[in-house]
Amino acid sequence: MHLKLNFYIILFFCFFSNLSFSNEIKFIPINRDISLSQEMSILDGESNSEIIILDNLQGINIINFWASWCGPCIEEIAELNKFQENILTNSLEVQLIGINIFDKKADAIDFYLKYKPFFKILFDNKNTISVKFSVMGVPETYFVKDNKILFKYMGKINEEILIRGLKESANY
Amino acid sequence: MQTIKYTLIFIFVIISINGAHSENKIYDISNELMCPVCQGQTVAESNSQLALSMKEVIKLQVSEGKTKKEILNYFISQYGETILAKPPIKGLNLILWIFPPIILVLSLVFWIFNVRNNKKKNSLK
């Protein structure tokens, strides 16, 4: 009787652990229009003071939210750089933007200088953009097309997921 | 000279009252919103980075003259109704409001019934 019960308990846990360790890429659908007029600083490793207004997100935009204190954000930077290289060499019609949130500007600059991302990196001066995108934590990557947030990916991202997200965005 | 002095005091008092009113409004609104990444804390109670951003947004919208309802609706549009500390009394949320008092009343009835029954049994013995 006990053996049988133990067997079912193990079976139950195996079933759920299998579900949670599934390798399937899961995008979280959002489908919401976004209208922005957000003052941001461009981090360039030099002056870091050029201000731009992030407003028109026409075409496909992949927006990665990160913070300097976040481990997975450090781990994914090489993948994001790889993807940016892919965009440049294959002239892909997509813009990759990194936005630093939940951070101090000095720490964001240190991060920039240390890991040298070569896609556009912005710093949220007003500390409000996370609410506009409904960001829950870092890292999170949003796929935006023609001022509409299509879906997001939570957690560490890699080039494979970025390419899949780009393909799905193009089909929207 | 005297008139200028009183005017300045008057302006200072008005600005202070207005500032305090805005602060109260910001606190009031942030107390009605749950921090989405915290365990049972409202935005007013939390010091998480997201809660701080949410407070900034509330402050900005209050300064733009938006009403409490408009600001709360904005947050509902961003995070869904679960962002509200007090779920609205409608639809499935009704269960949340109705069930606790019903269960309380039923428990009381059951308890009284049990006590009476026990008393009867004791008296029969």
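Select B:Leu50, B:Met54, B:Val57, B:Ile58, B:Gln61 and B:Val62 in helix H2(B), then B:Ile71, B:Tyr74, B:Phe75 and B:Tyr79 in helix H3(B): these two sets meet. Contact here means heavy atoms within 4.5 Å. Helices (H or I, at least four residues) and strands (E, at least two) are DSSP runs, numbered from the N terminus. By class, the residues of this H2(B)–H3(B) contact are nine nonpolar, one polar and no charged. Ala, Val, Leu, Ile, Met, Phe, Trp, Tyr, Cys and Pro count as nonpolar, Asp, Glu, Lys and Arg as charged, and the others, Gly among them, as polar.

This is a predicted model: local features need pLDDT of at least 70, side-chain atom pairs count only at pLDDT 80 or more, and totals for chains, interfaces and linings use all residues. Residues are numbered from 1 along each chain as its sequence is written, chains are lettered from A and ligands numbered from 1 in the order in which they are written, and side-chain values use heavy atoms, with hydrogens and water left out.

**Stop 1: the helix pair in chain B**

Show H2 (residues 49–63) and H3 (residues 68–79) of chain B as cartoon. Their axes lie 10 Å apart, and the helices pack at an angle of about 140°. Therefore H2(B) is oblique to H3(B). Axes are lines fitted to C-alpha atoms, for helices over the stretch in contact, and angles run from 0 to 180 degrees between N-to-C directions. Under 35 degrees counts as roughly parallel, over 145 as roughly antiparallel, 65 to 115 as roughly perpendicular and the rest as oblique.

**Stop 2: a helix pair in chain A**

Move to H2 (residues 71–90) and H5 (residues 159–170) of chain A. Their axes come within 9 Å and cross at roughly 50°. H2(A) is therefore oblique to H5(A). Select A:Glu79, A:Leu80, A:Lys82, A:Phe83 and A:Asn86 on H2(A), with A:Glu159, A:Leu162, A:Ile163 and A:Leu166 on H5(A), to see the contact. It has five nonpolar, one polar and three charged residues.

**Stop 3: the nonpolar core**

Which residues touch the most other members of the largest nonpolar core? Select A:Leu54, A:Phe65, A:Ile99, A:Ile129, A:Phe133, B:Leu33 and B:Phe75, out of 71 residues in that core. H2(B) gives the largest share, six residues. A nonpolar core is a set of buried Ala, Val, Leu, Ile, Met, Phe, Trp, Tyr and Cys residues joined through side-chain atoms within 4.5 Å. Buried means under 20% relative accessible area, exposed over 50%, partly exposed in between (1.4 Å probe, protein chains only).

Centre on A:Phe65. Leaving out residues up to four places away in sequence, A:Phe65 touches A:Ile99, A:Ile101, A:Ile129, A:Phe133, A:Val135, A:Val138, A:Pro139, A:Glu140 and A:Tyr142.

**Stop 4: backbone details in chain A**

Go to A:Pro139, in the loop between helix H4 (129–133) and strand S7 (140–145). The peptide bond from A:Val138 to A:Pro139 is cis, with omega near -5°.

Next, A:Phe102, in the loop between strand S5 (95–100) and helix H3 (105–115). A:Phe102 is not a glycine, yet has a positive phi of about 55°. Is A:Phe102 buried or exposed? A:Phe102 is buried, at a relative accessible area of 6%.

Then A:Asn127, in the loop between strand S6 (120–124) and H4. Phi of A:Asn127 is also positive, near 55°. A:Asn127 is partly exposed, at 22% relative accessible area.

Zoom out. Chain A has five helices and eight strands. Of its 172 residues, 47% count as buried.
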